[in-house]
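Here is a short report on one protein model. Look over the sequence and the fold first, then read on.

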Amino acid sequence: MTTKPISRTRTLVECALMIAIGTVLAQIKIFEMPNGGSVTLVSMLPFILVSFRHGVKWGLATGFVNSLLQMLLGFYAPPANTVWAFAGMILLDYVLAFTLLGLAELFARPFQSRVLGIAVGTAAVCVIRFFCSYLSTVFVWFSTAPEGMPVWLFGITYNGAYMLPELIITTAAAALLYKAAPKLFTAAE
């Protein structure tokens with residue numbers, strides 16, 4: 001009877017620790033873009049790890065809390081000062097972009113090879129985050145596109161400049177971490 005609350009408490013503590021670790025890692029920037037976005041030291045990995053350890057529900061919840069914290073720590077005001085621009089930026093650049101990292105386990109499930117599943121799940125949620133940032137560029141940040149460059153192309157190149165390296169680094173780190181310490185990817189009872 002007391003096992004479940006202890007387990008839930010332990011999971012909450014782990015999620016809080018992952019949020020703290022992810023926040024610190026997000027401050028270690030390898031490269032930073034002028035209008036937001038950066039290549040960090042695997043700052044998405046702690047939230048992806050929660051998804052693998054505790055499932056999609058915990059992953060999404062942890063990602064959501066992280067999205068709010070990221071917004072508080074690095075809010076960039078959109079060029080258009082409208083309610084819709086602010087709402088779009090909050091939703092696409094923060095809430096969806098970071099919350100959906102919690103879906104990693106969902107994408108990993110079909111694979112019999114756990115390391116392959118972890119790599120695919122990690123890459124998939126990085127692509128989802130890229131897509132959120134791309135949509136934000138097209139619908140909110142479009143005025144920052146260089147003159148004469150189609151906004152769809154600007155969205156791909158701008159966001160790809162930091163998300164492609166971030167995807168590669170995070171996916172490689174997840175796979176290597178799994179190879180080195182597979183128990184980190186399963187919840188302890």
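Is Glu14 buried or exposed? With a relative accessibility of 14%, Glu14 is buried, because the cut-off for that class is under 20%. The model is a predicted one.

## Salt bridges around Glu14

Glu14 has two charged partners to discuss. One is Arg10. Their closest N and O atoms are 3.3 Å apart, and the pair forms a salt bridge. Both residues belong to helix 1. Four residues separate them, about one turn of the helix. Arg10 is partly exposed, at 42% relative accessibility.

The other partner is Arg53. A salt bridge joins the side chains of Glu14 and Arg53, at 2.9 Å from N to O. Glu14 sits in helix 1 and Arg53 in helix 2, so this pair ties together parts that are 39 residues apart in sequence. Arg53 is buried, with 15% relative accessibility. Together, Arg10, Glu14 and Arg53 are linked in a network of salt bridges.

## The wider count

How many salt bridges does a search of the whole structure find? The search finds four. Among them is the bridge between Glu105 and Arg114, whose closest N and O atoms are 3.1 Å apart. Glu105 is buried, at 12% relative accessibility. Arg114 is partly exposed, with a relative accessible area of 25%.

Asp93 lies in helix 4, which covers residues 83-99. Asp93 is buried, yet has no salt bridge. Which side chain of opposite charge is nearest to Asp93? That side chain is Arg129, 7.9 Å away. A salt bridge has to fall within 4 Å, so Arg129 does not qualify as a partner.

Asp93 does have a polar partner. Its side chain makes a polar contact with the side chain of Trp141, at 3.0 Å. Neighbours within four places in sequence aside, Asp93 is in contact with Gly88, Phe98, Ser133, Ser136 and Trp141.

## Backbone at Val42

Most residues other than glycine have a negative phi. Val42 is not a glycine, yet has a positive phi of about 45°. Where is Val42 placed? The residue is in the loop between strand 2 (38-40) and helix 2 (45-54). Val42 has a relative accessible area of 15% and is therefore buried, the cut-off being under 20%.

Helix 7 runs over residues 151-180, 30 residues in total. At 1.5 Å a residue, the helix should span 44 Å. Its end C-alpha atoms are 42 Å apart, which agrees. Where does helix 7 bend? The bend is at Gly160, and comes to about 50°.

## Thr9 in helix 1

Thr9 belongs to helix 1, which covers residues 3-26. At 46% relative accessibility, Thr9 is partly exposed. The C-alpha atoms of Thr9 and Ile90 are separated by 30 Å. Along the chain, Thr9 and Ile90 are 81 residues apart.

Conventions: Residues are numbered from 1 along each chain as its sequence is written. This is a predicted model: local features need pLDDT of at least 70, side-chain atom pairs count only at pLDDT 80 or more; totals for chains, interfaces and linings use all residues. Side-chain values use heavy atoms; hydrogens and water are left out. Helices (H or I, at least four residues) and strands (E, at least two) are DSSP runs, numbered from the N terminus. Buried means under 20% relative accessible area, exposed over 50%, partly exposed in between (1.4 Å probe, protein chains only). The expected span of a helix is 1.5 Å times one less than its number of residues. The bend at a residue is the angle between axes fitted to the seven residues ending there and the seven starting there. Lys and Arg count as positive and Asp and Glu as negative; His and the chain ends are not counted. A polar contact is a pair of N or O atoms within 3.5 Å; within protein, one must be able to donate a hydrogen and the other to accept it, and residues adjacent in sequence count only if both atoms are side-chain atoms. Contact means heavy atoms within 4.5 Å.
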